[in-house]
Amino acid sequence: MAILLVSALTLYLGGVLYSFYVFATKARRPDKELPMIVLLGFVVHTAAILVNWYQVGHFPIVNPREVSAFIGWAIVAYFLLISRRYQARALPVFLLPLVYLLLLASMVLPETSRELPLLLQGEITTNPLTKIIFPVHVTLVIFSYAAFVVTFVSGVMYLIQEHELKAKHFGAAFQRLPALNTCDEIGYRSLTIGFVLLTLGVVTGIFWNNQRDGRYWHNDPKEVMALVTWLVYLFIMHYRLTAGWRGRRVAWLSIAGFVIVILTWLGARALGGYHVFG
Amino acid sequence: MSIVVVGISHKTAPVEIRERLAFAESRLPEALQALADKQTASEAVIVSTCNRVEIIAAMPNSQNSENPASRLHEFLCGFHNCEATVLEKHSYNLTDAAAIHHIFRVTSSLDSMVVGEPQITGQVKEAFQLAQQTGSVGHTLTRLMNRAFAVAKRVRNETGIGSSAVSISYVAVELARKVFEDLNGTTVMLVGAGEMAELAAKHLLNCGANNILIANRTYENAVKLAEELNGEAVRFEDFERRLADVEIVICSTGSPNYLILPAQIKRALASRHNRPMMLVDISVPRNIDPAINDLDNVFLFDVDDLESIAAANLAERQREAVRAEAIIAEETERFAAVLAEGDVNAVIGAFRQQAESVAFAELERSRKRLGDLTEDQEAALRVMLNAIVNKFTQPVIKQLRESDDGHSSYLAAWRGFYHRHEDKE
């Protein structure tokens, strides 16, 4: 398992360096190698997660190490899906270092228990449905995070490129970053996808709550934060569709939405509640 | 066979001289035929553009010390009634490797006024096609020119020499691509139909823009241009109403004050749901209020912006040109070597063929006296003749191969012999 993680980490590092190289050299070259390197890293990464799953005997998303590795995995999966459509050389330059750091974190974070929390263990024995709903709920939410990461990166790229165009700086960033419309499109599509996934994630969570104790909502910090995140993205989508909000304003809002996602992920942990893990 | 180039270009001759020596298109076939008459040259291509006049010729290697370029000089002077001294002063004469190097550079647009401009490659191609139609090119120049086009393609693909726009009208396209990515689906509106605006519009259409609207104070001019560009003429009073329909506006009128104001653009944006717009102001004094650049989803560029990009891109091209020169040097060396080798093989082939034909001609001549031959006898005779030819030619062929350094007088002598031979035929 450790050897697999190290291999995946090394491949991703190769991907990071290669994407920097492609980004820095301007001559148009067919960029077929990068998706291959990343795909290879992804395969190894997948194997590492499966091996871990087999070893611990439950869906491995219990401690921060596992969550970190799984988010990284989801980002790569999402990137591979959209890289077929968008030839944006700049996207991997932002995403791959993040993936690398997440995977690195999954190896250096303090090792906490790999066992299921007692709460969940007890639940699985009383309610077999939990065994299914737990991975589904978590996977949906984490894939929505991956899509929001891409929305965030697109927003950042949009703002840089927009600034270059407005300020008439036609330098390195202008040359290398994608067109504004492309940034906007990647960002908005990812936002839509992320929103749908998050909605499903929240719905499964509510359903699960109800299954467990007949209450839909507990005002748990993470629940509240997730609701705020969901409302922010709903707000962006609503105004985009009705008032034609786009471009700079949407880019800033996407960045704000992402900050709340981070708070939901990390902050809610600090505030306690029964979403103890992840 | 030797490659010779005689020419003048914007680097060596002022426009008055270039004009005098330029070939009118209608007279090119005549000139090509006169050149490739085997007396002046074996094969010829004439490249005549506003920046250069060049004769590319393949000539038999001369046996005497006559400079091969001098015949081309005589031809040029004769054809254009020009004094030899004028031509001498402004022209360059290149042979073999230097000539190949020059042809590769010209075709790859490294010798152009604006380095990397793609037109010259097309012009050289046309010149070569005309020479093919006229029948003034043979094996050697066909190979050379095809190689030159391949080198130009390689330079274009492997360096960034042509990747950025250096003319204002192309810069507008480059900027549009940074806003819209794909021009497919965009509509362009010209406000005022100046020459520069027209050029930019043509580039945008070539790069995928779907639709063009033309608004002009003189409506008839708008209609005329609209017909030419397959667009739609718009009355000048109506241009504001149509702003909401367009992604790209190019403004170039002689108006002394602003024609497009922030309020108009705000209204247009509202009705187009903020889908982005790009405005290009190439009029001086400016016709679009610069305050518009502060609005979201609108990108305004004036002439200075376009020019600063063009200048930066030009500097970039010059850096890329250094890499292109390395490719050209490599390709020149390779082609010169191939050419020299082809040459010795041609001489060897001609020599062997001649020896064989003499031997078998003698066999035919003796047939009567030989009477009827059995199949075995016939075969034995042929084997014998072939053996004689081989034994006889072998030492000469060996000597020819050894002397193949491109400068051998031995090879030159044989070559001379066979070219005289060819000419007689």
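## Interface of chains A and B

Between them, chain A and chain B bury about 2,200 Å², and 47% of this area lies on carbon and sulfur atoms. The model is predicted. On the side of chain A, 26 residues are in contact with 28 residues of chain B.

Polar contact across the interface of chain A and chain B amounts to 13 residue pairs, with both residues at pLDDT 80 or more. The elements of chain A that each give two or more residues to the side touching chain B are α6 (130–167), α7 (172–176), α8 (180–213) and α9 (221–243). Of these, α6(A) supplies the largest share, five residues. The classes of residue on that side of chain A are listed below.

| Class, side of chain A that touches chain B | Count |
|---|---|
| Nonpolar | 11 residues |
| Polar | seven residues |

Salt bridges between chain A and chain B number two. One of them joins the side chains of Arg248(A) and Asp296(B), with an N to O distance of 3.0 Å.

## Strands in chain B

Strand β6 of chain B spans residues 211–216 and is mostly covered, with five of its six residues buried. Its partner β5(B), residues 187–191, runs parallel to β6(B) and is joined to β6(B) by five bridges. In this pairing, Val191(B) has Ala215(B) of β6(B) as its bridge partner.

Conventions
Residues numbered from 1 in each chain as written. Chains lettered and ligands numbered in written order. Predicted model: local features only at pLDDT ≥ 70, side-chain atom pairs only at ≥ 80, totals over all residues. Heavy atoms only, no water. Contact = heavy atoms within 4.5 Å. Buried area = accessible area lost by both parts, 1.4 Å probe. Salt bridge = Lys/Arg side-chain N within 4 Å of Asp/Glu carboxyl O. Polar contact = N/O pair within 3.5 Å; in protein donor to acceptor, adjacent residues only side chain to side chain. Helix = DSSP H or I, 4+ residues; strand = E, 2+ residues; numbered from the N terminus. Nonpolar A, V, L, I, M, F, W, Y, C, P; charged D, E, K, R; others polar. Buried < 20%, exposed > 50% of the residue type's maximum accessible area, 1.4 Å probe, protein only. Pairing = 2+ DSSP bridges.
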